[in-house]
Amino acid sequence: CVPPAMSRRVVRQSKFRHVFGQPVKADQMYEDIRVSKVTWDSSFCAVNPKFVAIIVESGGGGAFMVLPLAKTGRVDKNHPLVTGHTAPVLDIDWCPHNDNVIASASEDTTVMVWQIPDYVPVRNITEPVVTLEGHSKRVGIISWHPTARNVLLSAGCDNLVILWNVGTGEMLLALEDMHTDLIYNVGWNRNGSLLVTTCKDKKVRVIDPRKQQVVAEKTKPHDGARPIRAIFMADGKIFTTGFSKMSERQLGLWDLKNFEEPIALQEMDTSNGVLLPFYDPDSSIIYLCGKGDSSIRYFEITNEAPYVHYLNTYSSKEPQRGMGFMPKRGLDVSKCEIARFFKLHERKCEPIVMTVPRKSDLFQDDLYPDTPGPEPALEADEWLSGKDAEPILISLRDGYVPVKNRELKVVKKNILDNKPPPGRRHSHSTSEPDFSRPALEDVLEEIRILKEMVQAQEKRISDLENKLCQFTNGTD
């Protein structure tokens, strides 16, 4: 007989011990997509509560496809693409504060920001809202600031990290002379005050972007020569994936207060695909997806040894070309879904649902603490001036309903901004009378009406084309 204390030690108590993954039914997949074959270690897929975006093969330039989440099944071979880049797209990222805005980074050295309509457009989207030019070599990494509106980070093969104000199209900061070689990945901490980067020079750096200083650095967190990845945990610790000298894949957990020794360092296997970490701060679970693997491994991070606890592995037959990870507000809380992945195959995208088995149909408070919502906590200039703010949280008790398309406004020198919500301060001074205002308002109103007419006509054409397709398919 084992004493109760011993048995408790053997089986660790955790509500996530039985998390399991399931692929959706065949008709819920996205079929007939020519996923990009570019050799680059980004995820090639970005998702939010409205859309799934996938980098695709395209002749003569760079393109990605955007599909409304509900538009599952076979994708029409003439489905419009987003095609503004003149060379392959390497990374895409949805804006966390506007579900209709996505940024793309390309081998053509530019970053472009796009407004995606709620309806399916008839033709390719070729005009970005703004093009950001500042890199001299291809741009492989982009990432939106988690809490400040319109702040976007890009990192290029020129070893340069640039922070942009998308609202004005201007460069806010350029982090030069910090990386001596190719940057592998860049991640924000929870409130966007610090960055963590990994680099081919085998160093992990923690950077204060506004002071343009490296505040902590670790050389060779993993001894192997292959790429390292690093992300911030919600409590400020750093999680890394890399390779040992013997080319075994490893994961590591580090505390910035003592960056010399890892809190945890675990060996996994000898596969050579770079492990992409996807982190859910609400549950403290990290999912590791290797490019070319056919599995997703997941671990719970806690404050008790061994700190990184293996939970389980979701296995399938086919290897993954890339992976999208749904933000928490896009999940189905009525089914106890705690994560959803969008796995890219060669010709399709397959959603995989991670669920905590529960008998009750009631809302599970412990699985869904309040989570970051779509409202930014700061404006770009406030953040630049030194302010920090935690994400503005929302409850998922009644599920999350995506907001209608909010347009990025382009004023004067490309100041793209959403209208401030009611009751928020207006940025322009109200002390002087503005005589140009009525005329400008009239013009803008006229443009808005014309735009709505054009959109309505495009939607009508699209509906008629769909009807025609059904009609011709029916008569085949």
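Residues are numbered from 1 along each chain as its sequence is written, and side-chain values use heavy atoms, with hydrogens and water left out. Because the model is predicted, local features need pLDDT of at least 70 and side-chain atom pairs count only at pLDDT 80 or more, while totals for chains, interfaces and linings use all residues.

## Repeats from the record

An unreviewed UniProt entry lists residues 82-116, 132-174 and 176-217 under "repeat: WD". UniProt positions are given in the numbering used here, feature names are shortened, and annotations may be inferred rather than shown by experiment. Residues 82-116 are 0% helix and 63% strand, and the end C-alpha atoms of that span lie 9 Å apart. For residues 176-217 the figures are 0% helix and 52% strand, with 16 Å between the end C-alpha atoms. Helices (H or I, at least four residues) and strands (E, at least two) are DSSP runs, numbered from the N terminus.

Two strands pair if DSSP finds at least two bridges between them.

Strand 18 covers residues 203-208. Its two pairings are set out below.

| Strand pair | Bridges | Residues between | Turn residue and phi |
|---|---|---|---|
| Strand 17 and strand 18 | four bridges | three residues | Lys-202, about 70 degrees |
| Strand 18 and strand 19 | six bridges | four residues | Gln-212, about 55 degrees |

Each of these pairs forms a hairpin. Across the pairing with strand 17 (residues 195-199), Thr-198 has Val-204 as its bridge partner. Towards strand 19 (residues 213-219), Asp-208 is bridged to Gln-213, and Ile-207 stands opposite Val-214.

Why is strand 18 largely enclosed by the rest of the structure? Five of its six residues are buried. Buried means under 20% relative accessible area, exposed over 50%, and partly exposed in between (1.4 Å probe, protein chains only).

Thr-197 lies in strand 17 and is buried, with a relative accessible area of 0%. Leaving out residues up to four places away in sequence, Thr-197 touches His-179, Asn-185, Val-186, Lys-203, Val-204, Arg-205 and Ile-207. Contact here means heavy atoms within 4.5 Å. Thr-197 and Leu-444 are 247 residues apart in sequence, and their C-alpha atoms are 43 Å apart.

## Nonpolar cores

A nonpolar core is a set of buried Ala, Val, Leu, Ile, Met, Phe, Trp, Tyr and Cys residues joined through side-chain atoms within 4.5 Å. The largest one has 38 residues, of which Ile-33, Val-52, Ile-54, Phe-64, Ile-116 and Phe-342 touch the most other members. Several strands supply at least two residues each, including strand 3 (45-47), strand 5 (62-68) and strand 29 (337-344). Strand 4 gives the largest share of this core, six residues. A second, separate core of 25 residues includes Val-19, Tyr-287, Val-356 and Tyr-400.

Beyond four places in sequence, the residues that Phe-342 touches include Tyr-30, Cys-45, Val-52, Met-323 and Cys-349.

## Val-151

Val-151 belongs to strand 13 (residues 151-156). Is Val-151 buried or exposed? Val-151 is buried, with a relative accessible area of 0%. Val-166 is 15 residues away along the chain, and the two C-alpha atoms are separated by 6.2 Å. Apart from neighbours within four places in sequence, Val-151 is in contact with Trp-144, His-145, Trp-164, Leu-172, Ala-380 and Trp-383.

## Cysteines

A disulfide is a covalent bond between the sulfur atoms of two cysteines. The rule applied here asks for a pair of cysteine sulfur atoms within 2.5 Å, and the count comes to zero disulfides. For Cys-349, the closest cysteine sulfur is in Cys-45 at 4.9 Å, too far for a bond. For Cys-199, it is in Cys-157 at 11 Å, also too far. Cys-349 is buried, with a relative accessible area of 0%, and Cys-199 is buried, with 1%.
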